[in-house]
Every structure is written in C-alpha cells, then in structure tokens.
Amino acid sequence: GEMNSAATSIQTAFRYHFKRKRLCHWIEAVVKIQSFARLAINQIRYLSTIWCIIEIQSTMRGYLAKKKFQRIYKIHKSDVSATIIQAAWRRYDAQAEYKLHHGARLIQSTWRMYAVSKDFESYKKAQKIQSVWRCYYTRVRYQNTRIAIKAAIKIQAKWRGFVCQCNYIFTLMDIIAIQRIVRGYMGRRIYEQKNEHRDRVRAVGCLRQQSAITIQRVYRGFWGRIEYQAMLSEE
C-alpha cells in the first residue's frame, strides 16, 4: 500500500511537472508571436501616421504657399515671375525632400521587414529544434520512467514475496512452538496420571500385603492357641 501510494505520487508529480513545463513553453511561444504581431501592427500604424502627417504637411505647405503667393502677388506685382520661380523651386525642393524621405522610409521598412522575417525564420527553426528535442527528451524520460516503474513493480513483488515467506515462517514457528507447549503439557499430564496410578497400585498392593500379614498373624495365633489348648488337654 505504501509503495503503491509512493509510485502514484511520483507519477502525479512527474505529470504535473511535464504539463507545467509544456504550458510555460506554450506561453513563451504565444508571447513571442504576440510581440511580433504588435511590432508589425505598430510599424503599420507608424507608417500610416507618417503618411498622414506628410499629407497634412504638404497640404498645409501648399495652402500657406498659396496664401503667401497671393499676398506677395498683391504687394509686388512686378515680382510675380520671381515668386513663381521661387515657388516652383520650393515645390521642387519639397518634392525632392519628400522623395528622399519616402525612399529612406521605404528602405527602412524593407530592412525591418527583412529583419523581422529573418527573426521569424530563426524563431521557427529554433521552435522546430525545440519541439524535436522535447519529443526526444519526453520519449527518453518516458522510457526511463517505464523502466523505473517495471523495476519498482518487480521490487514490490519480491518484497511482498519476502514478507509473505517471513509471515509463513513466523506462523509455522509459532504453530510449532504452540504444538511443543501443548505436547509438553499433555506429556506432563500423562506422566502425572501414570505416577498417580502407580502410587495407587502401590498403595493397594501395600494395603493387600498388610491385610494378608494381619490375616496370617491372626490365623497363626488362632492355630497356635488351638494347639496350645490341645497340648494342655493331653497333659
């Protein structure tokens, strides 16, 4: 009973440890996937925000440039050509700057996507290696546990056989001791009964002998008196 409960406790602890370890690995994988998903969502939001900001800035700059152009055109009608040229140049400069900034952002987003894909591939490879290793480790642990359980069962069987044999031997010794005590008691009773019978026989023999002696003495005395009287009468 104690050995079975101990084996059951060991099996329960092992299953709990294995399930908790597998749950921890699953939680780590979920956290990793969530981190990658949040990174992608944040990148998309960042790009959308930058694009909206750039659109707003370009619209605002165009509006301000138009307002400025109208004000300058009213004040300096003679400098309309120069203002148009400056506006065109500024527009060209702004577009060039925007294209440069957009190209840099495109390169950065492409590089980030490539880095994320490489990290994801590395993560998938690491996850696959971990799954293979966990499968191998679990199989080895299962085999070792199975061997240990078989050994424990064999040890329990040997121990139970030894206990049963000891109980049988002790019971047999107790039975033999009880039989010896009973036989000794019966032998003493028989010996005492034989002694009592022999004493009774001896007593009866002694009583008979004493009775015979008394009878003989009385008989001899009787015949002696008769002979004595006969002798007296002859005289």
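Is W223 buried, partly exposed or exposed? W223 is partly exposed, because its relative accessible area is 38%. Here buried means under 20% relative accessible area, exposed means over 50%, and partly exposed lies in between (1.4 Å probe, protein chains only).

The structure is a predicted model, in which local features need pLDDT of at least 70, side-chain atom pairs count only at pLDDT 80 or more, and totals for chains, interfaces and linings use all residues. Residues are numbered from 1 along each chain as its sequence is written, and side-chain values use heavy atoms, with hydrogens and water left out.

Helix α1 spans residues 2–75 and contains K67. Helices are DSSP runs (H or I, at least four residues), numbered from the N terminus. K67 counts as partly exposed, because its relative accessibility is 40%. Between K67 and Y98 there are 31 residues in sequence and 22 Å in space, C-alpha to C-alpha.

Helix α2 covers residues 80–234 and holds Y168. I129 also has its place in helix α2. I129 is exposed, because its relative accessible area is 59%. From I129 to A40 the separation is 89 residues in sequence and 25 Å in space, C-alpha to C-alpha.

Aromatic rings were examined next. Rings of Phe, Tyr and Trp (its six-membered ring) pair if their centres lie within 6.5 Å; planes under 30 degrees apart count as stacked, over 60 as edge-to-face and the rest as tilted. The count comes to six aromatic pairs. One of them joins W133 and Y137, which are stacked at 6.1 Å centre to centre, with 25° between the planes. Both residues lie in helix α2, four residues apart, about one turn of the helix. W133 is exposed, because its relative accessible area is 52%. Y137 is partly exposed, because its value is 35%. F222 and W223 form an edge-to-face pair, with 6.1 Å centre to centre and 75° between the planes. F222 is partly exposed, because its relative accessible area is 41%. Ring pairs also link W133, Y136 and Y137 into a cluster.

A nonpolar surface patch was also found. Y168, I169, F170, L172, M173 and I176 make this patch, with an area of about 610 Å². Patch residues have over 30% relative accessible area and no salt bridge; nonpolar side chains (Val, Leu, Ile, Met, Phe, Trp, Tyr) are joined within 5 Å, and like charges within 9 Å. A salt bridge is a side-chain nitrogen of Lys or Arg within 4 Å of a carboxyl oxygen of Asp or Glu. Accessible areas come from the Shrake-Rupley method with a 1.4 Å probe, and for residues only the protein chains shown count as cover. Y168 counts as exposed, because its relative accessibility is 55%.

Technical notes. Helix = DSSP H or I, 4+ residues; strand = E, 2+ residues; numbered from the N terminus.
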